[in-house]
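Good morning, colleagues. Please have the structure open as I speak.

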Amino acid sequence: MTIPFNNPDRPNSYIGKTVPRPNATKLVQGRGRYVDDIVLPRMLHVAFSRSPVAHAKIGTIDLDEAKAVKGVVRIFTGADLAEVCTPWVAVLAHLKGLKSPPEHPLAVDRACWVGEPVVAVVATTRAAAEDAASLVVVDYEELPAVTNTMTALDKDTPVIHPELGDNLAFRRLHEEGDVDAAFANAHKVVFASFRTARHTGVTLEPRSILVDWNPAEGQMTAYHATQAPHMMQTVFAKHLDIPESRVRVICGDVGGSYGIKVHVYPDEVATAAIAKVLGRPIKFIADRLESFSTDIHARDHEIEAKIAVDADGKILAIDVDDWTGIGPYSVYPRTSAIEGNQVVNLCGGPYDFANYRAQTTVVFQNKTPTCQYRAVGHPIAVAITEGLVDMAAAAIGMDPVEIRRRNMYPDDAYPVTSPAKMKFEGLSHHASMDKLMEMMDYDALRADQAEARKRGKYRGIGIASFIELTNPSPFMYGIGGARISAQDGCTVRMDPDGSVVALSGVTEQGQGTEAMLSQVVAEGVGVLPSQVRVITGDTQVTPYGGGTWASRGAGIGGEAALQAARALRGSILEVAAAMLQADAGQLDIRNGQIVDADSGEERMPLEELGRIVYFRGDTLPKDLPRELVQTRHFITMEYPFAFTNGVQASYLEVDTDTGVVTLLKHWCVEDCGRVINPQLVDEQVRGGIVQGLGGALYEEIHYDEDGQLLNGSMADYLVPMAAEMPDMVVGHVETPTKESELGAKGAGEAGTAGAPAAVMNAINDALRPLGAQMTEMPFTPERILRALGKLQD
Amino acid sequence: MKASAGGYARAESVGHAVQLLAASDGQGRVLAGGQSLIAAMNMRLSVGDLLVDISKISDLSGVAVEGETLRIGALTRHAQIGSDPLVKTHAPLLTDAVSHIAHAAIRNRGTIGGALAHADPAAEFPACALALGATMHVEGPDGPRAIAAEDFFEEVFTTALSEGEILTAITVPFAVADEEQILEEVARRSGDYALVGLCLVKRSAGHRIALFSVGPKPILATGAMAALDAGDLDAAVGALSAEIDPPSDTQASAAYRRHLAGVLLRRAVARLKGDVA
């Protein structure tokens, strides 16, 4: 029996409705439990002495003064930990040519970025550990630092890892059709350079880990703020030589992740290694400066691109040359080549065109390593694509909406394969654009813009269509050899009183995963969401899964939960049929009651069925199965990724005297397939948009030419704040994926993917009469005034 | 990071605080609202401080009329100043300034004395004090003294306060009839330190223009003031550009700040009622 999702009045119709978040009360009452809330007997704290320079040979290390600090228990160097922890190399077989040197939990011979951990000080308090860490004396013999991405491969640039031969980590060229011929014969060709700034995730809760090693049981327990507990279980097991079954990763409440908590960090592995050596619980909580200098960075790209169109605005070709600097190491185990690879995969995404060339060049440099952060590569690819499309429209005098309508894949064209060789199962670009036009009242907005212009106000409208990659299959990581699970599992059981427990491999970091699971399980079984207790984030009790990243929680974890819940429903009905001497097909479960499916008449509460099964099983037929616990796993098989689509719009005003941009309103229509919880999806989209607006207007990590980090605090690294955020209107089109019964695709990254391009296009729409064009993010007041030619140095 | 303080003592009175500072061997640091000091300590930018907590000295707080001036106790919180009717009547520039200072939580704890003594060149209150021609009242081992705002701010985070002295109050001359006080600033986000800020006071005696975030201390733009008194706005903007030497940092270059100063002066003048200078 399938669920009639299109009937909102069906029994147990929780999927598709906003239900309360089961963990909200706990968090609002301050009863959440984050890693730093956990205190274990005999616990110690670790603080790190980190490299103050971008590149140096590590000479003698003098620990005498540090050891004398009261409370210090032991101090570890890179050489010490290398004896108990094997290094890792972050490459993937399917990213051909990707190279990276072995990385240790503490730098051994060389420090390669400002903030790299060099010495670990363990003490009875964090303050004592910091006191001692400040007294560690390391003889740093400075080496030349590589900081400029574009010259990293030049002959006279020093090679950071001589054994690798050069500073090239990865390069991929993709070519489809006859690009050069298309450009040569085009009606119009538009060139542009784009730049996206270096960002970081800035989670409310910093990276946190507490590791306990019990030598008597050979068991490691890591309380860890992570998105991927099973992946971390495998990492600790492999590099610290422990069977996976003896490593338990517990991921309780997590204060935001945005992708930064899905990677292996040297200081966190060092913490685990130290726990194993000392046999005592060790806690490491990153402070804000450590967060800025050691959480992964992302998005540091420089791009040259061009587009060719015919006289009707039809896209003939797109050519993209993308460069990014990733720091001195590819980050384990996902690697730091994925972001550039995504740019190649995603440029031109919404459009039906024939000739496409894209190359990404990924180089090493002496800065904090970069890796996957919310909407990996998407904001870059969308900015390039949508920037070019808008410029082409302007060049041929066409409305930006019209040029998109002429090029987007028709809604009935699917399945199709894009010039980047991405396979789309079903998208809704035109329906989404139609809905956006209606929501924003495009024509009225154009009239308002013209009216404002008469008053000397420069307002602009920016549109950005996009695709988003969600629900990844093993084609993303597993195929390359990474032990990162693309499948996920859920166990659903009924307890004697009829309440239900669901144990899921996907995790909750504040986005509402547990709410989604509770309503899927509630509908699947036939109970109230409040009767479903959801457990996530414990490798010892939940089925093996990948965790929450790449917008997979609902699409993969949700489907596993639905199938497990439906299986439990079947088991319950089989027992009920025997007890009631009825046909299981004539029975249903609604609101925790066995009912007659046709009449809805109540036959028996689940509580009674539980009492019989668990305490009077003797009264049931001997051969009757009574497995009131069911586990199901789900993996996508037909498509490597479930692509979603959408379109965003920004309306803003540029103060041409100060360069300040005021966001007036923002719209997003997106299609994530089946919407399980409208409020959660809307808030995911809004939060994502805010993060995208941060990239467009504020966020930028600054380094000087020696590789010194210049802004390592919340005062200097500007995140988007509530006062500057516009009203956001979110709408949906639903094209469910046929790969699952649930039909859900991901929604977590759509907002971030499209917002920067929408803002860029709106700013350029506002400035076009003044002859200025912005393509370097963030669009700071100063950059805007410089583009307007208003500053003289 | 965890702060590393050298010690803490709560002062019972101004005299007691002065004694504690005198006994601190140069390590004494006055703790009032703590909105800059505690942040600096938490980043270990300041370590080993012997904190002298003056926050419980009740007679350092409050706003009162004193002849033709307004006396504002050093411990008066930003939020109190923002909502005080006497301040709104007699020194509306300060009322305006409060809405630009950081966020509610910081305004609830930060004090005007702390902001003035900390002398952050990007802060609003020091420039307001300059524009208003305020007087700083301090108390030290050698007794009380008064320092004109023009003589108070010396360098980044440096004032004319001697070691061991405490700022106890400021007095501000009443705004005279028809006086106008205007504050203009541009910040990246609401509550951020200004990229550039400008205070314009138009009195019968002439214009006063003070700027913040344009150098190592708030400055009185005397050239621009004279030009404005002469009724020449373009000349005032030109003079202003010449008399500031703004810094470049990750938020803005000197050239941008210089441009912004001119824009803000024009905007402030445009807000003046009646005929423009």
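**Helix H12 of chain A**

Let me begin with helix H12 of chain A, residues 429-440: its twelve residues reach 16 Å from the first C-alpha to the last, close to the 16 Å expected at 1.5 Å a residue. Please bear in mind throughout that this is a predicted model.

Which residues of H12(A) are buried? They are His429(A), Ser432(A), Met433(A), Lys435(A), Leu436(A) and Met440(A). Viewed down the axis of H12(A), these buried residues fall within an arc of 165°, and therefore they line one face of the helix.

As to what covers them, the elements include two helices of chain A, H11 (400-407) and H13 (442-454). Strands of chain A contribute to the cover as well, among them S20 (458-470), S28 (642-654), S29 (661-671) and S30 (727-732). Just after H12(A) comes Asp441(A), which takes a positive phi of about 50°.

**The sheet of chain B**

I turn now to chain B, where three strands form an open sheet with parallel pairing, in the order S1-S3-S2. At the edges are S1 (7-10) and S2 (28-31) of chain B, each of which pairs on one side only. On average, and ignoring direction, neighbouring strands of this sheet are turned by 25° against each other.

Between S1(B) and strand S3 (residues 50-53) of chain B, which run parallel, there are four bridges. Within S3(B), Asp53(B) is the bridge partner of Arg10(B).

Finally, helix H1 (residues 14-22) of chain B lies across S1, S2 and S3 of that chain, and runs at about 175° to S3(B). Thank you.

Notes:
Residues numbered from 1 in each chain as written. Chains lettered and ligands numbered in written order. Predicted model: local features only at pLDDT ≥ 70, side-chain atom pairs only at ≥ 80, totals over all residues. Pairing = 2+ DSSP bridges. Axes fitted to C-alpha atoms, helices over the stretch in contact; angles between N-to-C directions. Contact = placed C-beta atoms within 7 Å. Expected span 1.5 Å × (residues − 1). Buried ≥ 20, exposed ≤ 12 C-beta atoms within 10 Å, placed from the backbone. Arc of directions from axis to C-beta.
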